[in-house]
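I opened the notebook to record what I looked up in this structure. The entries follow the order in which I checked things.

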Amino acid sequence: MKYTNRRQSLGSQFSRTLFVIPSGELRMRSHSVAYRFKVASDFLYLCGVEVAEAYLVVAGEKSYFLSDHIGAASALWEDVNSLMSEDQEKLFNIEFAAVSKLQDILQDHLRDFDRLAFPVGRSEWLDRTLLEQVSFQNRRRSRFTSIPLALCDSRTLVGRLRQKKEADEIDFMRMAAQKSSAVYQELFQKNLLGASERDVANFLESEFMKQGMHWTAYETIVGSGERGTTLHARATERNLRSGETVLIDAAGEWQGYCADITRVLPVGKSFSKEQKTIYEIVLKAQKEVLKKIRPGGTLASLHETAQQFLLEGLKEAGITGEISELMPHSTSHWIGMDVHDPSAYVDESGNAIKLSEGMSFTVEPGLYFRDKSSAYYGIGVRIEDDVVVTDQGCEILSSASKEVEEIENLRSKLELN
């Protein structure tokens, strides 16, 4: 009933909006081989099934599941369009129809709605089909009203439902974070000297798979040396060198829910004096932000806290620079079924969304020194954990070591050539 309730909640919360949400299509990488299919998160959130080339229509209290493969014989070549036997319960109280019936369904319902919502730009065919329907409906509506049928992106609206996590969702996120953290603990104890960034990424991703996580939550980021100052450094064949640090932003996905963790560690056994100085500044800022999380706060105020403590730490160390250049990203973003959940950051009045119990997001202050004249040039530090708001504060879902002493203790046991 969970998915039925979610569909009904969407229909009642946006009672004047008709939704069309696709599951996604197979994408070809060559003439005969498709990329691995991953279902669209909004579709999965509302239906709980992982099939390609299907569409969910939510029209108030009524929902439709459109697919050309329901009831077909068992698949010979591909089964990404096929429903499993356990999927039927998730699609309780839903009407099944062929994709060709989409236009008929829209014509039957659109006159009763003021707005049509779908993920704009995801599917060229869907964009064209729905725009034609809106144009047709508006010609009909002009006889009775001067108010045209509106269009909007469905992702931000479904994002409102997804913003506060249910108990089982938090369990999945906790598991994703803990399994990902366990892989980091293994990495901290590996000899990285001479390994390539790609070697590091391959190790992480293979260990995520061994932990039972079928997807990485995003493309693994590995930036060694001065490449640690590139926020989303893709792993390359560059070899990790003695005296450097490596910034790693990587995590897996569990049961459709993402983790997002960043750690920085020395390639050798310990941080240099300069590396440790910057690391401690960022770590203190992160800890102070974590203390401030509670219902009623905002992500904007947490970002201000991070900037405040970063600036104080830099000043104490005698380091100058514009904070907007040294930390060019926000402290937090929503997380859930997507590593950047599509929930709004401001309400309809433009005010920052107030935090409440069940909301989940990252806390990831950072400092990146790209000025070659600085004594700290080439040092990039970001420390990122996932949290969920509780009634008194927050639960930190990820647990990979981040204290300098902890990391150096794990690294000290290495036998380096």
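How many residues does the largest nonpolar core have, and which of them have the most contacts inside it? I am working with a predicted model. I found 93 residues in the largest nonpolar core. Phe43, Phe65, Ile248, Ile278 and Leu367 have the most contacts inside it. I then looked up the helix that gives the most to this core and got α6, residues 167–188, with eight residues.

I put the largest pocket at about 690 Å³. I listed 30 residues in its lining, and Leu44, Gly48, Glu50, Gln255 and Gly256 are the closest to the centre. The elements giving two or more residues to this lining are α1, α6 and β10 (252–254). Of these, α1 gives the most, with three residues. Sorting the lining by class, I had 13 nonpolar, six polar and eleven charged residues.

I went on to the second largest pocket, which has a volume of about 350 Å³. Its lining has 19 residues. Those nearest the centre are His232, Asp249, His333, His340 and Glu364. By class, I recorded five nonpolar, seven polar and seven charged residues for this lining.

I looked for cavities of 30 Å³ or more and the count came to one. The largest cavity holds about 50 Å³ of space. I noted its lining as Thr4, Arg7, Gln8, Gly60, Glu61, Ser63, Phe92 and Asn93. Helix α1, residues 2–13, supplies the largest share of that lining, with three residues. I sorted the cavity lining into one nonpolar, five polar and two charged residues.

Last entry: a single residue. I then checked its side chain and found a polar contact of 3.0 Å with the side chain of aspartate 385. Leaving out residues up to four places away in sequence, I listed what glutamine 286 touches: Val363, Pro365, Ile383, Glu384, Asp385 and Lys402.

Terms used:
Residues numbered from 1 in each chain as written. Predicted model: local features only at pLDDT ≥ 70, side-chain atom pairs only at ≥ 80, totals over all residues. Heavy atoms only, no water. Core = buried A, V, L, I, M, F, W, Y, C linked by side-chain atoms within 4.5 Å. Buried < 20%, exposed > 50% of the residue type's maximum accessible area, 1.4 Å probe, protein only. Helix = DSSP H or I, 4+ residues; strand = E, 2+ residues; numbered from the N terminus. 1 Å grid on protein atoms, 1.4 Å probe; cavity = no way out; pocket = protein on both sides within 12 Å on 5 of 7 lines; lining within 4 Å. Points joined across faces, edges and corners; volume = space filled by probe spheres on them. Nonpolar A, V, L, I, M, F, W, Y, C, P; charged D, E, K, R; others polar. Polar contact = N/O pair within 3.5 Å; in protein donor to acceptor, adjacent residues only side chain to side chain. Contact = heavy atoms within 4.5 Å.
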